Every structure is written in structure tokens, then in C-alpha cells.
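Please examine the sequence and the structure shown below. The briefing that follows is grouped by topic.

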Amino acid sequence: MSINKYAYEAIKAVVGEANITDDPADCMGYRSGPGGYESGTGYERVMTRLPGAICMPRTTKDVQEIVKICARYDLAFVPYSTGFYGPRSHPHLDDELIIDMKRMRDFEIDAEHFFITVQPGVVYSQIQQECFEHGAYVVVGGGGAQTSAVANLLNDGWSPLSFRVGLPQRRILGLEMVMPDGEIVKFGSLADSDDPFWGEGIGPDLRGILRGYTGLLGCLGICTKMAIKTLPFQPVVPEMQGVSPDTSLKLPEKRVKWINFTMPSLKSIEDAHIMLGNAEVGGAITKVPTFWRAIAKASCKEEFWDLWLKETEESVANFFLVRVMIIGFTSEEQFDYDYNVLTDIITELGGKERRTKPSDESWFKNADSAGMWLMTGSYVSVDYVMDSFDQAFKQGPNYRDLKDKYTPPLMPDCKDLGWFQSCEMGHLGYYEYLIYWDQREDTNGMDQFYVDSAKMNVRNGAYPALLSSHQPLYLTGPAYGPNYHNWILGLKKIFDPKWLSHPPLPLAHDEFCRRAAWMHDIADWPVPDEFPYPDSLKKKMAAAHGDI
Amino acid sequence: MSVIDKNHTDRYDTPEEPFALDINDLGNFRYDMQHCIKCKGCYWVDHTYMPGVHHSVRCPSNLWKEFDSYCAAGKMRIGLGMLDGKVEWSDHLLEIIYACTLCGACDVGCKRNLDLEVDLTLEAMRVRAVKEGAGPLPVHKDIIKKIEKTGNCYGASADRNGWMDADVNPAEKADIIYFVGCSSSYVNQSVPKAITKVLQSADVPYMLMKDETCCGNIPFSVGDLDTAKKIAEANIAKVKESGARVLMTGCAECYRMWKVDYPKLLGIRTDELGFEVKHFIEVADEALAEGKLKLTEPVNRRITYHDSCNVSKTCDPWEPYEGKRGWMGCIEPRLDRRRGKSGLYDQSRELINAVPGIDFAEMPRKKENALCCGGGRGAKQAFPEMAENAARDRIEEVKFVGAGTVVSACPWCLSNFSETAARDGEKIDVLDIAELLAMAVK
Ligand SMILES: Cc1cc2nc3c(=O)[nH]c(=O)nc-3n(C[C@H](O)[C@@H](O)[C@@H](O)COP(=O)(O)OP(=O)(O)OC[C@H]3O[C@@H](n4cnc5c(N)ncnc54)[C@H](O)[C@@H]3O)c2cc1C
Ligand code: SF4
Ligand code: SF4
């Protein structure tokens, strides 16, 4: 398998011989899975293919030329920053080109105006350290500090650190995109100057075609540069401590502190989220899945299960813990003030402070999200959404009940309620539901649960994050738009008429549902007989996946 | 009722799979290869220790060629492809497999969060290459022949004890037997001279091995287990014959061979060798703690320390393992996984900081996050550009912290750094830790 040889030679002339390959071993090295996000799922097995070639551009101009060559040779491509995001970051057709962005690692910091400008090869932990050294911090996506900041913000971008500036869109400032036809489009103030400070810029805010609540997973061009908002922190650089696997950031005692509180009830946890926001103090407040505590304590997979199997539905239902971070942004006095406000709130709600390590193991700079896979080997988040508190609190019980039907193959979690937290200084809630399984099981149930959860949200009128590119577009589009599927497909037609940018997204999950027999019963929403692909894509789909 | 019972155990049908930590069969690591999550903890420095946008990579192989296939994440996928007959042997595949120093950085990085056996998988891929007649590379075969013919990996016919001068006074009988190694015997003779000087100044008796030969590092590392096993058996017999309680090396590669890979080859635990394996820095550090080693002469330099891989992330003791994997991937019996916690990090720093006059600077990538110099495990012999590239990157880091001297605990690092610095016209000094200590004793 390989891409068109003329296209290969033309791309080689752009990136240099050392930065393109179609060697079968290299292509195998880029395969999707079988471990990782959505590992072993039907989606991955049915939809992903080995790449035909991989190239590594260095500059925006390189990317532009590569994309133009792809357009000339009708060559499908997928942008790939670190490739951590599972099958969704990998080719879905035979002989596709992976455009690996890792050599694009320019980084600039404007400490005075609190923003950075990065290319997609830069990951969060790098940025965070640079920010710390300038008294700032960046909101690292919960997926971990090992992800590309650009890719994360294009698609997701939430974290417990979203308490202050939550909406990812608001942290994306000026940026540069190479559209699927090779045209460079600059967003925000970059459109008419070299200063990327404004995300909005003049005219309509183009960020709307970049992402809605979630992003388009690379199916509408390639972001080559992004300015990202950073937030004021405090002056002391957290100290790195310990030897692997016991490494953490030592937090400056009088300026940053995580505190765990035991609370009397679920309601009191919910109230704490709202009240802390109202009081406008703190850096984060969150209630995480109970089994994460067991992951944090366990030194290996087996120990995790030793700990977790001691739990019961009752013990989990009666375990109320809220985790809060306070930051002395301006002074130690302000830190003390925040601490006092926080303890007043907690005391009023009947909570008690527990001893908490004076360190950060996860959210600031770490990549311990990899530990998600410790328990079962396979994982995906089926929902993450910023919504009203009211809605965010309701999602836990909804998911818990639906999940019961799919356990097994999903992991026994004692009916845990998932993860919620407060964003935008208490103006928004956040809800995330994560599922785990062993990919060596029959995983059809996992595939079904994924889509069933979207159907549940449609039924309940809940606004889920995983719309468009992550879920079947013909399910979510009519239900939420009623026409947003038409809007996305219309954009696709205008900007990517040949469907070369990561096809068949945004219809990949629709394709999966019609190609996987075990999805047929659950896929009961109307879909057109033919998907609106250009003929060239229809042929490629048939070649890669067979006729429908 | 347990959670599993409540959740219908009978409906989970997880297979039970037997496996062993045995690199003779790549199939033992199928689960590990299938569960690599592409987080690239094997490529980046531990994110907690991430120093910023520079000096952020820990894999010398992927630093050299940036395609994912050169980092452990890619190699795990390729290994699975090998197992399933989906990749064919080619020169390029051999480059991917062998242009890697088996430095262990990926293994500790991965085991920061997960339980996957990365290092063993990489070793097993090489063993498979040899078994299928594709490996090792011609240059490795040549080295193996030289070892068989001359007992050293250079094929040198000179006396292995040629480094000994009149000042070297080994005991006839001692608890410690000093295994000098090929590099120190032939190329970096200043190292054994310094080691023996330091030991003698601290009154630590040592003996030398009669008819010492190569430790077998390169045959083992390139996957020729038969040759390596023969060497291991012969060498172990010599130590037993000597009656020594401690086998001491001054070379990190030899250290790992004796401590980890000999037991691995023989299917025994490290503590079943019948003697202890120590690196010189452990012996010197103990002498320092006991007040026997007196470092009195000032060495007025700004120096930094490079943690050689095989006295840091790869040297946890070995324990053979056979068991079964079942429910959610849990294994039985339990296994204390080797996460690279036994690194000799404190010993080396205690020694360096005990030298008067030293202005010590840590590099951003330190301890288990140190970037391999690129010189070990037969990789440099086959891919000198990869080795130079790694050394060059590390030398940049030495300069970044303003040090004029870089110290390590392995003659292979010494060679690779010095050769690269000389080639690039870099004005830095490269020293073995023994040489530094030797400057500080009277
Ligand atoms: C365990 C886990 C937990 C997670 N939890 C969270 C969370 O709490 N919060 C959160 O925000 N996210 C979360 N995520 C999502 C995740 O972090 C992604 O946002 C992140 O992985 C994307 O970065 P990447 O480097 O992995 O991107 P990649 O895998 O390289 O790409 C991701 C997608 O973006 C496209 N893409 C990549 N680069 C570009 C580019 N330059 N231009 C256009 N498209 C591009 C790709 O084609 C692909 O579709 C989680 C993921 C995992 C696996
Ligand atoms: S650290 Fe481990 S799991 Fe992560 S990519 Fe590397 S080998 Fe795979
Ligand atoms: S052993 Fe070292 S060189 Fe080889 S893949 Fe792992 S980190 Fe890279």
C-alpha cells in the first residue's frame, strides 16, 4: 500500500527525503490502536486503516504545499499532532497520508499580555513550565499534559483548571488554518495584523467553523499556529519532586493548595460547587469518579482491583468527597482570605477538611490520564459537557442507569456517578462520564452504549458534547438543530468539496453504524440512502470498506 | 457480594492467558503491545519534570528519526505486526529495531502510569530477528566473532591487563572482584586506573579476574542469546571460583549485564547469582560514608552529571516470572514490576558533591529522565549518526547549564561524548566519575 508515486515525490520535494516515508514498517508504527482511546472498539476495527504514507512538515508553507498536492492528486489526508486521540486521529481509508505535525514546534510567549503562540507540535507540559516561569498558567486539558495544545483546543479543552476561564473557545486567540484546498485563512486579529491577541477579529467570528462545543477532528483543514490565552498565576515556580513513578509538583505552601473535604451528602457537594463560584474564590473545584482514588493509591493494576473490589454500591453511594484548589494569585493574604471563605462555605455545608498532599499529581502539568488505562486496559469518555449545574448534576444518575445495561462488558463501577465540576467561576457546571472495559471481551456492548448514550441525551433533551464528528451526525444533527448536520455538511461542501480532509468525517460514526451489523438495531434514526460524498470518495470508501 | 458477582461474573468471558517474562518469545508481550496507548510517555521527559520547550525528549532513537516508528509506541505496534505476520523483514525494519540503545527510558516512562513491559518487548523483537535469521546486523556479527576469537569486542590481540601500571595493586584474594570490561581495558584505560587509585586510597581491597573476557553486552543486546548465555555461564563460574562476595564493575553496561541480564539469561533471580553485583559508585559511596574515602583535593570546576542508563533506569534486580493473565488483564501470581527505581542516583551525587571545589549543576534531564548518550547496546556500532545525534543533544544541555565538564559512570558514555565533542570542536571536558574522584584523592 502506498500513495500515488507522483504525489509522494512532490511532497518529498517539499519536506525533504528524511521527512516522508511509505515504508511498511513505518506505516505499521502509526497504526491506530489496538490500545489507547477507544481501544479495541468496533469503531476502531471497522473504520481505521494503515496509512499509505506519513510526512512531517516544518512550516505553514510546507503544510500549504502538501495540502495543495493532496488536492491535485485527490489524496486524502489526516492531520496528526501527537496521535493520542485514538482512532479519530488515524486514517479511515486505504492509502491515506498522515500529516504528522510534530516538527512544527515553534513557541513564543508574551508574558506581559498573557498569551502564547504555538505550533501543533508543542505539548501542554512544555507550555506550562514556560508559563510558570512567567507567573502564568495554561489550562491543561484533562486528557493530559502530553497532548498537543493546538489539537486539544481545536477539539476539546476542558479541565478542572477551567474553573476560571472555562470555555475553550475563549482561550483560543488568533490562529492560522490551512484549508483543505490549501488556502491559508487567518482568524481573529491575525487576519489584519501580526498581533494574535484577539480571537474575535473583525467580521464574523470564524472560530465557529473551527469548532462548536467540540471540534471537527481534523475534517476541515489543518491548524498550523494558534495563540492561546494564559491566566495569571502566582510567582513561585512549583518544584519538581520524586523519582518515577512517584513524581509530583511540590506546590508553594502559601500560594497554592489542593484540599479534599468530606461532605455529608451529594447535595452538599453540589452546593459547594455553586457557592464557591458565587464567592468567586479558588482555582478549581471538582468531584471525580470514586475509582480514580483507587487508581491514585494503587501501585499496579492488581492492587487497584484489590482496593476497588472492597467497595460496594452502598459504600460508593455514601462516599462524598470534594476536591478544591485555592491559589494566592496576588498575595499570601489573598490566599488566606480565599481559604477562610472556602472553609466557611464547607463548614456551613457540614463538610470536614482532610489531610491532603501539598503537591499536584495530575492537573497542572502531568499526564497521569494515562493511568486511566491501568484498571481495564480500555477506555473512552462517552460524554463531556459544560452545561447548567442543574443539568450537569442530572447526568450522573442518567448515565449510571443506562450503563448498568451494558455491564459487562463495561467495568463494574459500583454505580459511580462520574465526574462533575464547576467552570467559569460557578456560572457553568461540567459533566463527564467515562467508561472502561477489557478489549479482550466482546466489546459490542461498548459500541452500543456509546450510541445509546447519545440517544438517551436526545430523549432527555440534554445537550451532550459528543455531537457531530464523534457521534452519528444524522442522529444528533436533526435532534439538536434541527439542521446542524446540514450546516456542517454544507461547510464541508464549500471548503472541502473533494472530502480530502480526514474523510469520511464528519460522517464517520454514521458509516460505522451502517457497516457494523451489531449496530443496526440501535441505529434506528433516519439516514439518507446515500451519503453526500463526492463520487471519488464513494469509490475510496468501497475500496477500503466494501459496498454497502 | 463482591462487585464482580453483583455484576454477573458469568457474563464476563475474559480469557486466561499464560505468559512469562521471557524474551525468547515475543508472544509473551502481546498484551503489552496491544495495550500501548500512544501517550508517548516513552518519548517525552516525565511531564512533571518537563523543563519547557527545550530538552524535553528522552528517546535517543526518536530524537534521531522523528517518525513514530522510532519511539517505543511505534515499535510496540511494529512488534505486534511481526507477531501477526503483518510486517516483513527489511533493512529499514532492522534499522528501526536496532537504532535504539535499549536505554530503558521508554520503560520507566511507560511504567510511570501503566504496567506495560516495554523494554522486554524491545529485547524480544531483537531475539526474534535473530531467530528468524534477519538479525543481528553485519557489524554486530563481526563483533560477536571478535569476542569469540579474542575475548573482547574490539578483536584486540593486546594484553587485556595492559592498562595496569606500577601503581595498580590488586589483592590476591578479596571480597571484591573488579570486572574491568572491554572498553576500560582497551579504550578508556584512564578509567580502571582511576578506579583502582580510588579504591587503594580508601583501603578497599579488590582482586582482578583471571583471564577476564567480554561481559557479552553486545551479543545479548542484539538478540544473540545463545552466545550471551555461554559468556554469562563462563563469567559467573569465574566469580564463583574466585570466592568473591561482590562483583564490581566500573562500566554501566557490564553492571546491567551482571546484575540483570545474566540472571535473565539463566532463568534465576539476581540474588541467586551467589554474589552481589555493584558498580564502582556504590562501593565508593559506601567508602565515603564509612569515612574511608577521603576527598581532600579541590577540583575547581563547574560540572554536571550524566546518569548513564545502566546505573539508572535499567538496573532493577531481575526476577523470572511465569503466570496467567485474566480478569481485566490482572496477573497471577503478583509481580513487583521493574519500574527503574533502583537507579544509583543518590550515590553518584553524594560522591560528586563531596569533592571540594566542585560547582555542581544539574541538567534539566536528570536521573531517570536523562537522555541516553547514544553509545550503548551495540547501537553506536551500527548507527554512529544516531549515537552522535544523541551525544550532541546532551552536550547542548551541558552547555545550557554552563558546565565545562560532564561526568558519567560508564566508559561507553565517556567515549561517545568525547568523540562527538572532539568532532564538533566543543570545548567541554568529559570525565568518568572515577577520574573525578581520583583527582580529589591524595
Ligand atoms: C484519557 C483521556 C482523557 C481525556 N480527557 C479530556 C479532558 O478531560 N479534557 C479535554 O479537553 N480533553 C480530554 N481528552 C481529549 C484529548 O485530550 C484530546 O483533546 C487530545 O488528545 C488532542 O490532542 P492530541 O495531541 O492527542 O491530538 P491528535 O490525536 O493528534 O488529534 C486529535 C484530532 O484532531 C485532529 N488534529 C490534530 N492536529 C490537528 C491540527 N493541527 N489541525 C487540525 N486538526 C488536527 C486529528 O485529525 C484528530 O482528529 C481526553 C482524552 C483521553 C485519551
Ligand atoms: S509510554 Fe507506554 S503506553 Fe505510552 S505510548 Fe509509550 S509504550 Fe505506549
Ligand atoms: S530503549 Fe531508549 S532508544 Fe530505545 S525506544 Fe526506548 S527510549 Fe528510545
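**Briefing on the predicted model**

Strand S3 (77-80), helix H6 (149-155) and strand S10 (222-229) of chain A each contribute at least two residues to the shell around ligand 1; helices (H or I, at least four residues) and strands (E, at least two) are DSSP runs, numbered from the N terminus. This is a predicted model, in which local features need pLDDT of at least 70 and side-chain atom pairs count only at pLDDT 80 or more, while totals for chains, interfaces and linings use all residues. Residues are numbered from 1 along each chain as its sequence is written, chains are lettered from A and ligands numbered from 1 in the order in which they are written, and side-chain values use heavy atoms, with hydrogens and water left out.

**Ligand 1**

- The shell of ligand 1 comprises 35 residues, the closest being A:Pro79, A:Ser81, A:Ser89, A:Asp156 and A:Gly157; a residue belongs to such a shell if one of its heavy atoms lies within 4 Å of the molecule.
- H6(A) provides the largest share of this shell, four residues.
- By class, the shell around ligand 1 holds 17 nonpolar, 15 polar and three charged residues. Here Ala, Val, Leu, Ile, Met, Phe, Trp, Tyr, Cys and Pro count as nonpolar, Asp, Glu, Lys and Arg as charged, and the others, Gly among them, as polar.
- An oxygen atom of ligand 1 lies 2.9 Å from a backbone N or O atom of A:Arg88.
- A polar backbone atom of A:Gly143 is 3.2 Å from a nitrogen atom of ligand 1, and a polar backbone atom of A:Leu217 is 3.0 Å from an oxygen atom of ligand 1.
- Ligand 1 taken alone exposes 960 Å², of which the protein buries 99%; accessible areas come from the Shrake-Rupley method with a 1.4 Å probe.

- Among the residues surrounding ligand 3 are B:Cys59, B:Cys100, B:Cys103 and B:Cys106, together with B:Lys75.
- Helix H3 (60-64) and helix H6 (105-111) of chain B each supply at least two residues of the shell around ligand 3.
- Eight nonpolar, three polar and one charged residues make up the shell around ligand 3.

**Interface between the chains**

- The contact (heavy atoms within 4.5 Å) involves 66 residues of chain B and 87 residues of chain A.
- Chain B and chain A bury about 6,100 Å² between them, with carbon and sulfur atoms giving 57%; buried area is the accessible area (1.4 Å probe) that two parts lose on being put together, summed over both.
- B:Glu66, B:Phe67 and B:Met328 account for 12% of the area that chain B buries against chain A, more than any other three residues.

**Domains of chain A**

- Chain A is assigned domain 1 (5-100), domain 2 (107-232), domain 3 (250-460) and domain 4 (473-545), with bounds from an automatic or database domain assignment.
- The C-alpha centres of domain 1 and domain 3 of chain A are 35 Å apart, and 14 residues from domain 1 of chain A meet 14 residues from domain 3 of chain A in the contact.
- About 910 Å² is buried between domain 1 and domain 3 of chain A, of which carbon and sulfur atoms give 47%.

**Backbone features of chain A**

- The peptide bond joining A:Ser244 and A:Pro245 is cis, with omega about 5°; A:Pro245 lies in the loop between strand S12 (239-241) and strand S13 (248-250) of chain A.
- A cis peptide bond also runs from A:Pro503 to A:Pro504, with omega near 0°, and A:Pro504 is placed in the loop between helix H17 (484-495) and helix H18 (508-515) of chain A.
- A:Met425, a residue other than glycine, has a positive phi near 50° and is found in the loop between strand S20 (419-423) and strand S21 (428-437) of chain A.

How values were computed. A polar contact is a pair of N or O atoms within 3.5 Å; within protein, one must be able to donate a hydrogen and the other to accept it, and residues adjacent in sequence count only if both atoms are side-chain atoms.
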